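Trainee: I would like to learn how to read a few features in a structure. Please take them one at a time.

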Amino acid sequence: MFGNSYYVGTCGITATLITGDKGHILIDGATEAGADVIIENIKNLGFSLDDVKLLLHSHEPFDHVAGLAKLQRVSGAKLLASTEAAPVLSTGITADTDPQAGMHNPFPAAKVDKIIKDGQVVSLGNLALTPISTPGHTAGALCWQWQSCENKRCLSIVYADSAQISLNIPEAEIEARLAKWQAPAPRYTRGVLAKFAKTVSSASERAVTDKGL
C-alpha cells in the first residue's frame with residue numbers, strides 16, 4: 001500500500017498489516033478460509049507470524065472477523081476490540097442488531113484481550129493507531145487512522161469503515177420526490193441482460209433471483 005502498510009487480505013476482503021520495530025499490527029482476519037490466505041500473504045512478504053503482536057477489527061460480521069481466532073492461535077497476538085464487538089468476537093455469534101443476524105452459522109470464537117474506546121490510541125513500538133467509532137454497518141464498527149512513511153514522505157492513512165452519507169432533507173420533501181419518481185425505461189430490451197433483468201427483484205429487495213422463474 002505505502003511504506004510499512006501492506007494489503008494482505010483476499011481478493012475481495014481487506015486485511016491490512018502495519019509493520020513496526022517492536023512487532024506488527026493486523027487489522028481484520030477475513031473468513032475462516034481467508035485466514036489462510038492472510039497467513040500466506042504475510043509470509044510471502046517476508047514477515048513472520050510470530051511478529052504479529054496485535055489484532056484489530058473494523059466491523060464484526062463473520063466475513064471480516066471469522067479468521068481472527070486462527071490468526072490469534074498461530075501468531076499468539078493479542079486481540080483488541082470495541083465494547084460492542086467484543087461479545088461477538090468472543091462467542092462467534094452475530095449480534096441481534098447486526099443486519100446479518102441469523103443468516104450465518106457461528107464462527108470460531110477468539111479471546112478478546114482488551115477493550116478499546118473511541119480515540120484511545122493503540123501503540124506498539126513506533127506504531128500508533130487511533131480507533132474512531134463508526135457504528136453504522138454494525139454497532140461495534142471502528143475506523144483506524146495511522147501514519148506510514150516511505151523514504152522521506154509520510155502519509156496519514158485511514159481504514160474507513162461504515163461510511164455513510166446523511167442527507168439534510170425534510171421528510172416532506174423526500175416523500176414528494178418519491179411520489180413523483182418513475183422507474184426509467186429498461187436500458188436493455190433484448191439479449192441476455194434483458195432476460196437477466198426480468199429474473200431479479202428490485203435492489204430494495206436485495207436484487208435476488210426470482211425463484212418462480
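Mentor: We will go through the disulfide, the cysteines, the strands and the aromatic rings.

Mentor: This is a predicted model, where local features need pLDDT of at least 70, side-chain atom pairs count only at pLDDT 80 or more, and totals for chains, interfaces and linings use all residues. Residues are numbered from 1 along each chain as its sequence is written, and side-chain values use heavy atoms, with hydrogens and water left out.

Trainee: How many disulfides does the structure hold?

Mentor: A disulfide is a covalent bond between the sulfur atoms of two cysteines. The criterion here is a pair of cysteine sulfur atoms within 2.5 Å. The structure holds one disulfide, and its partners are Cys149 and Cys154, with an S to S distance of 1.9 Å.

Trainee: Why is the disulfide of Cys149 and Cys154 right-handed?

Mentor: Because the torsion about its S-S bond is about 105°.

Trainee: In which sense do strands β7 and β8 pair?

Mentor: Helices (H or I, at least four residues) and strands (E, at least two) are DSSP runs, numbered from the N terminus. Two strands pair if DSSP finds at least two bridges between them. Strand β7 (residues 122–124) pairs with strand β8 (residues 127–133) in the antiparallel sense, over three bridges. Ser123 stands opposite Ala128 in β8. The two strands β7 and β8 form a hairpin with two residues between them, and Gly125 in the turn has a positive phi of about 60°.

Trainee: Over how many bridges do β8 and β9 pair?

Mentor: Over four bridges, in the antiparallel sense, with β9 covering residues 142–150. Here Ser133 stands opposite Leu142 in β9.

Trainee: How many aromatic pairs are there?

Mentor: A pair of aromatic rings is described by the distance of the centres and the angle of the planes. Rings of Phe, Tyr and Trp (its six-membered ring) pair if their centres lie within 6.5 Å; planes under 30 degrees apart count as stacked, over 60 as edge-to-face and the rest as tilted. The count comes to one aromatic pair. The ring centres of Tyr6 and Phe47 are 5.3 Å apart and the planes are at 65°, so this pair is edge-to-face. Tyr6 lies in strand β1 (residues 5–7) and Phe47 in the loop between α1 (32–44) and β4 (52–56), so the pair ties together parts that are 41 residues apart in sequence.
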